[in-house]
Amino acid sequence: MSTQSSSNWQTVLAQAITDPQTLLDYLQLDPRLFDLTAHQQFSLKLPFSYLKRIEKGNPNDPLLLQVLPLIQENQKVKDFIPDPVGDLMALKTTGVLHKYQHRLLIISTPACAIHCRYCFRRHFPYQQSHASKNQWQATTDYIQQHTEIEEVILSGGDPLVLSDDKLASLLQPLEKIPHLQRIRIHTRLPIVLPQRITLALCQLLQKLTLPVVMVIHSNHANEIDHDVIQACLMLHQHQILLLNQAVLLKNINNTIEAQVNLSHALIQANVLPYYLHLLDKVQGASHFDIDEQQAIALHQQMQKRLSGYLVPRLVRETKGKAAKELIIKQG
Ligand code: SF4
């Protein structure tokens, strides 16, 4: 892993599958079983590094279901809306979301290595609203003026699709802002494209004068293979704190077995389970939704079955709230 050059991951990314027929052919799935026209609204995308972990011939594979643009996405369902978490009302300047007083989130790129069908930003107007390098001065000016901000979160899209040079040019000016205490990176790349975690990237992050917390995103233990474990261990060896956030998804990870396996796989890779999100009710994702009482019951089972540090917090993000809401046992 550490010897791979950055061009390798960029090649894998450039060759990501975007055509539904190619996906079905590779996985030996009968195209008559699927209507995948939803990809016309939100395109299919997954790189081979992720594809190879999907079981051939299995239409219910939990990794496949995260990327398959099923016709159910086209249904209009009450309460499922384009911007369920209020991103647009939190936009302060281009690509800068200031929702929570002491933390600032930056949409650093519109691009991802994979298109997760349940993504709460699937309708986000990225082209007008991401903090490109040209607007970076305005971004850093905003942070300078807001001395209450302690932590900057690079999000997207996925910030690790940016080259090391671009990342460095975004991160290094942040080091000069005296009131910043840490940088957080939200990324699915260590899971989807572990080749992205090169020695050069780890050294770039380690050399920053601000500590780096990386919140990765894995929903299922089958996503965590040998390459992912090696990538996470390398990040860990370079003093990057690794946390995971998952989304509770129907038919993908809504069983005690799936959640226990995920927590076990994460800790093997030195990643702590951090959040288990209730699905954000984004338009097009209603077929992934789990009833809240079922989620609470599952979480109670997890508490009985797992060591405390392996139980992620069950949370929901509600538009306009000052923090994520912990879902507490009811009744
Ligand atoms: S990687 Fe993250 S931002 Fe990109 S589509 Fe998936 S959930 Fe959305």
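Helix 10 (residues 256-268) and helix 11 (residues 292-305) pack with their axes 10 Å apart, at an angle of about 50°. That angle makes helix 10 oblique to helix 11. The model is predicted. The domain assignment divides the protein into domain 1 (6-74) and domain 2 (88-326). A ligand is also present, and the residues around the ligand include Cys112, His115 and Asp158.

**Helix 10 and helix 11**

- The crossing of helix 10 past helix 11 is right-handed.
- On the helix 10 side, the residues that take part are Ile256, Gln259 and Val260.
- Their partners in helix 11 are Leu298, Gln301, Met302 and Arg305.
- By class, the residues of this contact between helix 10 and helix 11 are 4 nonpolar, 2 polar and 1 charged.

**Helix 6 and helix 8**

- Helix 6 (residues 164-175) and helix 8 (residues 199-207) cross at roughly 5°, and their axes come within 11 Å.
- Helix 6 and helix 8 are therefore roughly parallel to each other, as angles under 35 degrees count as roughly parallel.
- Asp164, Leu167 and Ala168 are the residues of helix 6 that meet helix 8.
- From helix 8, the residues in the contact are Ala200, Leu201 and Leu204.
- The contact of helix 6 with helix 8 has 5 nonpolar residues and 1 charged residue, with no polar ones.

**The two domains**

- The C-alpha centres of domain 1 and domain 2 are 22 Å apart.
- In the contact between the domains, 26 residues of domain 1 touch 26 residues of domain 2.
- On the side of domain 1 that touches domain 2, at least two residues each come from helix 1 (6-14), helix 3 (48-51) and helix 4 (64-67).
- Helix 1 gives the largest share of that side of domain 1, with 5 residues.
- The side of domain 1 that touches domain 2 is made up of 16 nonpolar, 7 polar and 3 charged residues.

**Around the ligand**

- The residues surrounding the ligand are Cys112, Ile114, His115, Cys116, Cys119, Arg121, Gly156, Gly157, Asp158, Arg188 and His217.
- This shell around the ligand divides into 4 nonpolar, 4 polar and 3 charged residues.
- Gly156 and Gly157, both among the residues that surround the ligand, are joined by a cis peptide bond with omega near 15°.
- Gly157 lies in the loop between strand 4 (151-155) and helix 6, and helix 6 is the helix that meets helix 8 through Asp164, Leu167 and Ala168.

**Backbone at Asp79**

- Asp79 has a phi near 75°, which is a positive value in a residue other than glycine.
- The loop that holds Asp79 runs between helix 4 and strand 1 (91-93).
- Helix 4, at one end of that loop, is one of the helices that supply at least two residues of the side of domain 1 that touches domain 2.

Note on methods
Residues are numbered from 1 along each chain as its sequence is written. This is a predicted model: local features need pLDDT of at least 70, side-chain atom pairs count only at pLDDT 80 or more; totals for chains, interfaces and linings use all residues. Axes are lines fitted to C-alpha atoms, for helices over the stretch in contact, and angles run from 0 to 180 degrees between N-to-C directions. Helices (H or I, at least four residues) and strands (E, at least two) are DSSP runs, numbered from the N terminus. Angles under 35 degrees count as roughly parallel, over 145 as roughly antiparallel, 65 to 115 as roughly perpendicular and the rest as oblique. A crossing is left-handed if the near helix is turned anticlockwise from the far one by less than a right angle, and right-handed if clockwise. Two residues are in contact if their C-beta atoms, placed from the backbone, lie within 7 Å. Ala, Val, Leu, Ile, Met, Phe, Trp, Tyr, Cys and Pro count as nonpolar, Asp, Glu, Lys and Arg as charged, and the others, Gly among them, as polar. Domain bounds come from an automatic or database domain assignment. A residue is near a molecule or strand if its C-beta atom, placed from the backbone, lies within 6 Å of it.
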